[in-house]
Amino acid sequence: MQGRLQQELEAEQAVVDVLYARLDALRAQTRERLRAVRRTGPSGSPQNRSERDAFATLYEDRLAQLEAVEDRLAFGRLDLTDDSAHYIGRIGLNDEDHTSLLTDWRAPAAQAFYRATAAHPDGVTRRRHLVSRGRVVTGVEDEVLDLSLLVEGSAGQSTHAGAVLAGLSGEGALLAALAAGRTGHMGDIVATIQAEQDAIIRSELAGALVVQGGPGTGKTAVALHRAAYLLYAHRRLLERSGVLLIGPSRTFLHYIDQVLPSLGETGVVTTTIADLFPGVSARGDENPAATAVKGRLTMARVVERAVRQRQRVPQTETEVRVDGRTIVIRPADVQAAMSRARRHPRPHNLARVTFVREMLQRLGEQYVAQLGYPIAPEERGEIIDELRTTREIRIALNLAWMPLTPEKLIDDLLSRPHRLEAAAPELSAEERALVLRAPGSPWTESDVPLLDEAAELLGEDDQASRALAHADAERRAGELDYARQVLESTGSNGIVSAEVLADRFTSTGPALTTAERAAADRSWTYGHVVVDEAQELSAMAWRMLLRRVPTRSMTVVGDVAQTSSSAGSRSWRASLDPVLRRSWRLAELTVNYRTPVAIADAAQRMAIAAHLPVSTVTSARTTPDSLVIDRVEPGAAPAAALTAAAIHHVRAALDSVADDTGTGRVAVIGTAADLEGIRSVVATDDLLGSRARNPQAGRGVDLDAPLTLLTPRQSKGLEFDVVVLVEPAHVLEAGAGDLYVAMTRPTRQLRVVHGSPLPDGFVVGA
C-alpha cells in the first residue's frame, strides 16, 4: 500500500510542478508587461496617458493576485464519471493553448468539490484533497463517492467516505487544518469548505442574506469567501462600485487581511464603523448607557431637528449702512427667503445658497430703490457683490442660516445642553445627561453614525467647495514653481517645460484603485456590503451602512448571543425589520469547527443559564483535556493569588503550543482590572515579556506575538490555540455575551482560573 501511495504522491507532484511552472511564467510575463508600460512614462496625449495608467493598474492588480496565491495553489481534484479529472485551486490557470490546467474554486465546475456526497455524487466518482507544504505534495486524502469503486488497498483514506454521509467532506483535511497551530493571521478555508458553508457562499447576490451561527461555525470565513466568490461571479457589476467589508475592530481587520488576497481578490474596502466616515477616527470611550441612547433610531430625528434649528428667523430688524445708505434686514424677508429655499428638498448647505441669493436680491432692491434712478443689469450685479461682502450682512445671513459641517453640528449638539434639549424632546433629562460631554471631546464609535446622518442632511458646503478649488489652484502653482526651480538648478531649461515636469512629479504616486477612491468618498455607493459581527451594530449604524448600498445587496454575519455593545441586537428581526423592511433572508451554520466539545458544551450551558439566544450547534471535534478549571484559594491577597495562578497557566499553555514553525498562539482573556496585575508580571518577566512583545495597556494588540492579553471585546472574531480565562464571574458582570465570546476563542484548550464561584451552567450540574 505504501508503494501505491508513493506513486500517487509522485503523480500529483508532477501535476503540481506543472501548475507552479505556469504560475511562475505568468508572473514573469505580467512583470515584464508592467515594466514596459512604466517605461513609456506619462508622455503623449491625455488619452495615451490615461491608457497607460489603465494598463499599469491592470497589470499591478494581476501581479498582486498571482503573488498572493503561492500557498496551496492546487488543493483538490475531482474524478468524474466520464473518466476526466479536474484540479481545483485558488485561481484558474490555462496553458498557452488556453487549455484549462486549474479550475478556480469559485467556478461552477468546482461546485461539486464542496457539495457532492455519496448520496448525491453529482457526477463525481472520487474527490481528492491534496495536502502540501510549500510546493511539495505531502499527502492525499480520498473520498470515494461511488462506493462500488472501493477496493482493498486503494490509496488515500477511503475509509472517510462515511464522513461524507455524516455531512463533513474531507474530514481528514478539515481536522488537520483545525488542529494546526494558530498564527497572527486568519487562514482561509478554501480547501475545506463544507456543504452548508458552500451553499451560503454561492447564494445569490440580490437582497440581504443574514448568516446566523454560533461560535466556531466559520461565519467570518464564509463571509470572506462569499466576498471573493461574488467578485468572481459578478465582476462586471461589482468591480466598478466595489465591495465594502465592515469588521468589529482594527485588530480584527489585521487578523483577516491576508484571506482575500490568498483567494485572488485585492479590491475590497475593509474598515470599521469607527473609521467609515472619511476624516474622522473615532477612538474615544464612553459610558455604555450613552452608547445605547445614541444608537437608537430616534437619533435620526434629533439630528434632523438640530439642522432645522440652525435656520432661524430673527426677532427684530437689523439695519446696515452700505455706502451711506441704510439697508434693513427684515424678519418677513428672511421668512420668505427661507420658504423659497425650502420649496425643494435639498440639504441644508445647498438650500442655503438659494436662501442667500434670495436675500441678496431683496436687499439689492432696497439699495436700488434708494438710488432714485434706473441702473444697468451689470451694475446690479456689482451691487449684489458689494452687499455679499459687507461684513454685517454676512453675519446676519449666517445667523439666520448658518453654513455647517457635520463635526460642528454634532459637537454643538452633544456639548450644549440647550441645543440638545431643543432637538431631543423625546429623550428624558437623564438620557440627555448621559450623552452630554465637554466641547471638542474625542469622537466615539457611536458618534460616527450621527456624523453621517448630519452629513446627509447638510450636504456639501458651497464655501468649502470654493476653498477646496482655491487650495487645488495653490497646490498646482506650488508644483509649477518647484518644477521651475528644478529646471533652473539643473540647467534643463528648454529641454522640458515646467508643466510637463510637474505632471511627472504628480504621476509618480500610485493611481487610486476603486477601493481607495471609495474609502475616501463618504457618498460612494457599493455593489455589495459584508458586515461581520453584525449583532454589534446599532440602529443608527445600520442607517449609515444602508446609504452605502442602495440596492440592499448585503451579507450580514453574526451571532445575537455574542452581542457586547449596549446598542447591539439580541434579535435579527428586531434590528433588521425597521431598516430593511423585512426584505432579508436567513441562513444558519450548525457545525462548530473551532471549539472542542467540552469547551463548546460548557459555553452553551452558561449561555443558556444566562438566557442568551444561543443557536444550536454541534462541535466537530473531541480533544482530550480541552477544559481545565483551577479554583484559586484567595488567602490574604486574593488578587495576587489569582495573578500567580494565571501566570502558571500561561507558562504551561506556552509550553504546550511551542514548536519550530512559529505557529501557536496563547491569549489571556479577562476584564481590564483582572488583566492589570498579569500585565505587570508579564512586562517584567524577560521570557514572558518577549513572548508578549508589547504587554503594556493601551499599546494596541500584537496578534503576531505568541502571547496576547485581551479583554473579551478585543478578542471578538479572533481565535487562539489556548485561552487562559481569568475570573469568569467578573467577565459575566460586564455581560453574558462577553463571557460567551471569551469561552469560545480556543481551538485546543481553555484554562479557567477563578477565585469567585463559577457562573451558573459553567460546569455540569452547576
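**Exercise 1.** In which sense do strand 3 and strand 4 pair, and over how many bridges?

*Solution.* This is a predicted model, in which local features need pLDDT of at least 70 and side-chain atom pairs count only at pLDDT 80 or more, while totals for chains, interfaces and linings use all residues. Residues are numbered from 1 along each chain as its sequence is written, and side-chain values use heavy atoms, with hydrogens and water left out.

Strands are DSSP runs of E with at least two residues, helices are runs of H or I with at least four, and both are numbered from the N terminus; two strands pair if DSSP finds at least two bridges between them. Strand 3 and strand 4 (residues 100-104) pair in the antiparallel sense, over 2 bridges. Leu93 has Leu102, in strand 4, as its bridge partner. Stepping back, 6 strands form an open sheet of mixed pairing, in the order 3-4-2-1-5-6. The edge strands are strand 3 (93-94) and strand 6 (136-144), each of which pairs on one side only.

**Exercise 2.** Find the residue that forms a salt bridge with Asp452, and state where the two partners lie.

*Solution.* A salt bridge requires a side-chain nitrogen of Lys or Arg within 4 Å of a carboxyl oxygen of Asp or Glu. Asp452 forms such a bridge with Arg522, the closest N and O atoms being 3.0 Å apart. Asp452 belongs to helix 20 (residues 447-458), whereas Arg522 is in the loop between helix 23 (514-520) and strand 12 (528-531), so that the pair links distant parts of the chain, 70 residues apart. With a relative accessible area of 0%, Asp452 is buried, where buried means under 20%, exposed over 50%, and partly exposed in between (1.4 Å probe, protein chains only).

**Exercise 3.** Is Asp412 buried or exposed?

*Solution.* Asp412 has a relative accessible area of 4% and is therefore buried. The side chain of Asp412 meets that of Arg416 in a salt bridge of 3.2 Å, N to O. Arg416, with a relative accessible area of 36%, is partly exposed. A search of the whole structure finds 50 salt bridges.
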